[in-house]
Amino acid sequence: MKSFIPREVETLWTLFTAPTVWALHFVVCYATVAVFCARGLASEISFDTVRIGLGVVTALALAMIVLSAWLAWRQWGFGSDDPPHDEATRNARTLFQGFATLLLSGLSFVAVLYMAIPMIFIAGCQP
Amino acid sequence: MGRALRPNVRLTADGAMGACRMDDDRLTGAGRPIRSGRDIGRGGYRPAIRVVKFFLLFPLLASCSGVQSALDPAGREASDVANLFFAMLIGGVVIWAGVVVLLFHAARKRRSYSEKGAGQLILWGGAVFPTVILAALLSYAVWLMPNVRPWFSEDMDVRRVEVIGEQFWWRVRYLDEGGAVIFETANEVRVPTGERVVFLLKSPDVIHSFWIPVLGGKMDMIPGRKNRLTLQAEKPGTYRGVCAEFCGTSHALMAFTVHAMEPEAYETWVAARRKASGGQDQEGLALFLRHGCAACHAISGTEARGAIGPDLTAFGERGSVGAGTLPNAQEHVARFIRDPGQIKPEARMPHFSMLEAAEIDRIAAYLKGLR
């Protein structure tokens with residue numbers, strides 16, 4: 001059976017997955033609320049609908065970050081080796097990148113959570 | 001002749017009033033001069049004396065109360081702000097103390113810890129703990145926000161006051177239900193207690209910021225925009241508001257008096273203020289008009305309808321002269337008329353030192369007598 005989990009690839013791009021998810025989540029949240037208020041949609045759609053919608057977006061973003069973190073953990077060899085991974089070898093480079101990606105995923109996870117907290121408390125639009 | 005008063009009151013470079021001593025000068029800020037180095041620490045104290053002196057400063061904490069202290073709230077919004085401040089302060093002190101204890105422990109460590117243990121400490125103490133604490137503080141602050149900045153749309157039935165910040169004074173207009181101006185006054189804001197008041201904030205020149213620390217947070221007044229701020233006073237009293245955004249040379253001399261009044265007293269004042277007239281003292285009024293004061297100033301019930309400067313109706317009741325600069329005494333009014341620029345640098349009012357001292361005194365007496 002083919003696993004849905006991506007196989008291990010060696011590229012620098014995976015490092016940016018979690019921060020990219022955070023940035024997208026940030027833009028989606030800000031833009032949605034701003035457009036909702038600026039267009040005066042409050043009379044047609046309740047703010048709670050927006051809140052739930054953005055809650056789903058937040059859950060998706062967190063799931064993607066967790067996946068990115070798991071892949072990074074795998075790349076790091078599930079923590080079998082301790083940092084700083086500073087030898088000039090291919091293996092050390094891979095482990096270092098895995099560890100860095102894992103830390104960035106943690107940071108992005110917290111950033112997305114903090115971004116979501118105000119959305120719980122926003123009362124509505126101010127004309 | 002006109003100089004006789006000058007040596008008594010002078011404005012020094014650091015804004016402190018020289019020999020000016022009035023009974024209640026708190027409203028003008030004259031009672032809280034910026035201390036120069038000459039007052040404290042003159043000569044060489046020995047360290048022990050310094051330490052004693054430092055502890056003697058502790059009673060100064062009592063000055064956290066007062067007419068202009070956000071830590072001594074008299075309004076609903078301000079008490080939320082104060083609670084937030086104290087929650088942050090106590091939390092910050094506890095964390096700081098913990099870090100200091102850890103620091104001392106590390107500096108005199110008797111036993112060594114494994115690298116793994118140190119890693120655990122960094123993970124839990126340096127990453128997880130701050131994340132949880134910051135999340136809690138963020139939630140608390142965001143949860144408070146609707147209380148600190150309550151929102152009322154303009155068509156709702158709330159009392160509205162329009163405040164316009166100008167260099168370097170405050171134009172205050174009380175509005176009726178329809179939004180029409182009932183009357184205008186200056187450098188003084190009166191609010192009833194136990195009731196929400198929406199302030200509509202504007203500026204024709206530069207950015208100012210409207211701040212009554214005992215009642216709530218500050219809000220900028222931005223040219224071309226109309227900002228709103230809602231405040232609710234709970235404790236009756238006389239307070240002080242200030243401009244909280246640097247707006248020019250006399251920015252620090254741009255303050256106002258705030259009277260939080262019982263609702264009945266407030267209604268009585270509004271009724272009295274609507275009927276106020278400057279026509280009782282005809283001789284003083286004639287002098288006021290003859291010297292052109294009416295080109296800029298208005299006094300209700302008279303021909304004076306100038307709109308450039310502060311409205312002077314019922315000036316005698318005001319808490320200060322020159323927007324919170326000097327206590328409201330006749331000699332200060334006379335000094336201000338003679339040369340406003342000496343008291344408030346770059347004020348737009350021209351000097352009137354060409355007038356006879358007796359005439360200036362007479363106009364000052366007239367203004368001081370306005371009710």
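In what order do the five strands of the open sheet in chain B stand? Select them in the viewer: the order is S3-S2-S1-S5-S8, and the pairing is mixed. Strands here are DSSP runs of E with at least two residues, helices are runs of H or I with at least four, and both are numbered from the N terminus. Two strands pair if DSSP finds at least two bridges between them.

This is a predicted model, in which local features need pLDDT of at least 70 and side-chain atom pairs count only at pLDDT 80 or more, while totals for chains, interfaces and linings use all residues. Residues are numbered from 1 along each chain as its sequence is written, and chains are lettered from A and ligands numbered from 1 in the order in which they are written.

**The sheet in chain B**

Stay with the sheet and colour its edges, S3 (181–186) and S8 (227–232) of chain B. Each has a single partner strand, so one side of each lacks a neighbour in the sheet. On average, neighbouring strands are turned by 25° against each other, direction ignored; the axes behind such angles are lines fitted to C-alpha atoms, for helices over the stretch in contact, and angles run from 0 to 180 degrees between N-to-C directions.

Next select S2 (residues 169–175) of chain B, which runs antiparallel to S3(B) and is joined to it by five bridges. Leu175(B) stands opposite Val181(B) in S3(B). Then go to Phe168(B), in the loop between S1 (159–166) and S2 of chain B. The peptide bond from Gln167(B) to Phe168(B) is cis, with omega near 0°.

**The cores**

Select Val163(B), Phe199(B), Phe210(B), Leu231(B), Met254(B) and Ala323(B): these have the most contacts inside the largest nonpolar core, which has 40 residues. Such a core is a set of buried Ala, Val, Leu, Ile, Met, Phe, Trp, Tyr and Cys residues joined through C-beta atoms within 7 Å. A residue is buried if 20 or more other C-beta atoms lie within 10 Å of its own, exposed if 12 or fewer, and partly exposed in between, with C-beta atoms placed from the backbone. A second, separate core of 21 residues includes Ala304(B), Ala314(B), Phe336(B) and Ile360(B).

Centre on Ala314(B), in the loop between helix H5 (282–290) and strand S11 (320–321) of chain B. Its phi is near 55°, a positive value in a residue other than glycine. Ala314(B) has 20 C-beta neighbours inside 10 Å and so counts as buried.

For contrast, select Glu359(B) in helix H8 (residues 357–369) of chain B. Glu359(B) is partly exposed, with 15 other C-beta atoms within 10 Å.

**Two helices in chain A**

Move to chain A and select H1 (residues 17–38) and H2 (residues 47–75), which pack at an angle of about 175° with their axes 9 Å apart. The two are therefore roughly antiparallel, the word for angles over 145 degrees. Among the residues that meet are Val21(A) and Phe36(A) in H1(A), and Leu54(A) and Ile65(A) in H2(A). Residues are in contact if their C-beta atoms, placed from the backbone, lie within 7 Å.

End at His85(A), in the loop between H2 and helix H3 (90–121) of chain A. His85(A) is partly exposed, with 18 other C-beta atoms within 10 Å.

Note on methods. Parallel < 35°, antiparallel > 145°, perpendicular 65-115°, else oblique. Contact = placed C-beta atoms within 7 Å.
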